Amino acid sequence: AFAAGADIKEMATLSYTAMTAGPNPPERWVLFLHGLLGRGGNWRSFGRRWVDTHPTWGAGLVDLRLHGDSLRGFSAPHTVGAAAQDVLELFPSLPGSVEAVVGHSLGGKVVLALQRASGQRVPRAVVLDASPAPRPDGLGAEQTRDILTLLARLPREYRTRAEFVAAAEAAGQPRSIAQWLAMALQPSEGKL
């Protein structure tokens, strides 16, 4: 029984896609962490290639808090440190040890924070395109700011991914960026 007014906290769990090469549970895992505007599925081709060439490994394509399918239930503050703790809390749910974590951009910062928080519990950490230092001056973040401004201006729903890509291109984004952004679209009541 719970007392009226008791502070009950629901623990959110990160969503992830597990990729394996065969029917047996992997002996060890590599987790892939996406960038600021991404989701775990951005790593699908890398994960597939990894398990095909390393069949005793599993690949976990993680949706970090407030991204992809990990949108709800996470308590503030929404910091890199909190995201790292979320990833650490995911470890026990995997059938095997986490032997490597790979992160790009925001995911790279989460990898670094995870290593600090875990006391180097992960033997292999790979950081791609992420500065280990804070960027208080904002230099190097101009493109991210431009994309966030664009996303705030564009409509919230589209009938197809191609319609979104066309809108992003019409707003000045290169096709490659528009297609990459379209990977994060989610179906909503029959629309994207």
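Helix H5 crosses helix H6 in a right-handed manner, a crossing being right-handed if the near helix is turned clockwise from the far one by less than a right angle, and left-handed if anticlockwise. This is a predicted model, in which local features need pLDDT of at least 70 and side-chain atom pairs count only at pLDDT 80 or more, while totals for chains, interfaces and linings use all residues. Residues are numbered from 1 along each chain as its sequence is written, and side-chain values use heavy atoms, with hydrogens and water left out.

H5 covers residues 161-170 and H6 residues 175-182; they pack at an angle of about 140°, with axes 9 Å apart. Helices here are DSSP runs of H or I with at least four residues, and strands are E runs of at least two, numbered from the N terminus. Axes are lines fitted to C-alpha atoms, for helices over the stretch in contact, and angles run from 0 to 180 degrees between N-to-C directions. H5 and H6 are therefore oblique to each other: angles under 35 degrees count as roughly parallel, over 145 as roughly antiparallel, 65 to 115 as roughly perpendicular and the rest as oblique.

A second pair is H2 and H3, whose axes lie 8 Å apart at an angle of about 70°. That makes H2 roughly perpendicular to H3. Among the residues of H2 that meet H3 are Val80, Ala84 and Val87, and Val110 is one of those on the H3 side. Leaving aside neighbours within four places in sequence, valine 110 is in contact (heavy atoms within 4.5 Å) with Leu33, Leu64, Val80, Ala83, Ala84 and Val87.
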